[in-house]
Amino acid sequence: MLELNHGFRVVDLHARLDPDSEEAVATRGREISAERLERELHQAGVVCAVVSPGRRTEGEGYLRANNAVARMSVDRPFVAFARINGPRDPSGRASARLRNLTTSRDESHADPEDIEQYAYDDRFHGFTLAPAVDGLPDEETLDQLENVGLPTLVHVGEAFTPDDAVETLLDRDFPVIFAGFGGYPLNRDLMHRSIDLLDEYDDLYVDTSYVRFRGVMERALLEHPDRVMFGSGAPEAHPNVGVMELLTLDVSEDAMRRAFSKNAARVVTELGPGEQ
């Protein structure tokens with residue numbers, strides 16, 4: 001694929017890096033190494049990317065995968081986020097709320113001590129949370145997440161909706177970034193709901209991964225130019241795709257610069273100029 005020459009400084013808030021390529025093939029259907037991810041980012045003109053591991057098998061936890069991703073990020077243009085999980089059902093169903101009253105952590109779940117260790121380990125600069133597949137951390141762990149205050153990329157969509165995030169996360173005091181405008185997979189109504197929430201929560205942001213609706217992205221950039229961040233969703237999507245979709249929007253050059261790098265560097269300082 002040809003290298004893009006767009007003249008913007010671009011950082012990527014949303015990429016996956018799997019330490020076990022064989023498992024990645026089995027669960028995702030394709031193999032991509034750290035070297036290939038770095039090459040694809042370079043082709044798209046992306047200077048740095050937030051990376052975290054893909055989904056692990058149930059009961060395995062993320063400690064080993066997180067540490068492996070951190071090791072692979074050394075001397076590469078990657079910023080590692082630690083992926084965390086939890087025992088609670090994230091859905092808003094009444095049955096889930098009742099079940100969560102008696103649910104407790106096991107050894108595979110992130111606990112407050114894990115959060116503290118990740119936060120003060122200079123290899124990690126934020127967290128990734130996918131409640132629909134990994135469960136939601138318990139209150140003690142969320143309290144610690146709030147205490148450390150690092151940005152958290154949250155996979156939000158039909159299985160864990162923006163309103164579910166309102167009930168469980170958005171009253172906390174740390175930056176939350178909704179992956180894919182909170183509308184995965186391609187749910188336009190949920191994406192618009194996420195944009196509505198930007199009016200209510202100052203620490204809420206959205207990334208552009210897997211958003212294929214120009215009108216949705218243009219609305220967000222026009223109404224909240226300081227809250228939109230570029231995310232490619234690599235390796236599921238080549239970074240070139242996401243960059244081109246943003247470049248073809250009918251918005252100002254300043255809005256594009258904010259989305260491509262300025263907004264992200266404000267929230268994740270390691271993505272700023274001179275940090276790589």
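1. Setting aside neighbours within four places in sequence, Phe178 contacts Val154, Val156, Pro162, Ala165, Leu170, Ser194, Leu197, Leu204, Tyr205, Val206 and Asp207. Please keep in mind, here and below, that this is a predicted model.

2. Phe178 also stands out in the nonpolar packing. The largest nonpolar core has 64 residues, and Phe127, Phe178 and Phe181 are the ones that touch the most other members. Another core, of 15 residues, lies apart from it; Leu13, Val79, Met229 and Ala264 are among its members. As general background, nonpolar side chains in soluble globular proteins tend to be buried together.

3. Next, the sheet. Eight strands make up an open sheet with parallel pairing, and their order is β1-β2-β3-β4-β5-β6-β7-β8. Which strands stand at the edges? They are β1 (10-16) and β8 (228-229); each has a single partner strand, so one side of each is left without a neighbour in the sheet.

4. On one hand, β2 runs parallel to β1 and is joined to it by five bridges; Arg16 has Ser52 in β2 as its bridge partner. On the other, three bridges link β2 to strand β3 (residues 78-84), again in parallel, and here Ala49 stands opposite Phe78 in β3.

5. Further along the sheet, strand β4 (residues 124-129) pairs with strand β5 (residues 152-157) in the parallel sense, over three bridges. In this pair, Leu129 is opposite Val154 in β5.

6. Last, a helix pair. Two packed helices are described by the angle between their axes and the distance between the axes. For helix α11 (residues 239-247) and helix α12 (residues 253-267), the axes come within 10 Å and cross at roughly 155°. Angles over 145 degrees count as roughly antiparallel, which makes α11 roughly antiparallel to α12.

7. What do the two helices bring to their contact? From α11 come Val243, Leu246 and Leu247, which meet Met256, Ala259 and Phe260 in α12. By class, the contact of α11 with α12 has six nonpolar residues, with no polar and no charged ones.

Notes. Residues numbered from 1 in each chain as written. Predicted model: local features only at pLDDT ≥ 70, side-chain atom pairs only at ≥ 80, totals over all residues. Heavy atoms only, no water. Axes fitted to C-alpha atoms, helices over the stretch in contact; angles between N-to-C directions. Helix = DSSP H or I, 4+ residues; strand = E, 2+ residues; numbered from the N terminus. Parallel < 35°, antiparallel > 145°, perpendicular 65-115°, else oblique. Contact = heavy atoms within 4.5 Å. Nonpolar A, V, L, I, M, F, W, Y, C, P; charged D, E, K, R; others polar. Pairing = 2+ DSSP bridges. Core = buried A, V, L, I, M, F, W, Y, C linked by side-chain atoms within 4.5 Å. Buried < 20%, exposed > 50% of the residue type's maximum accessible area, 1.4 Å probe, protein only.
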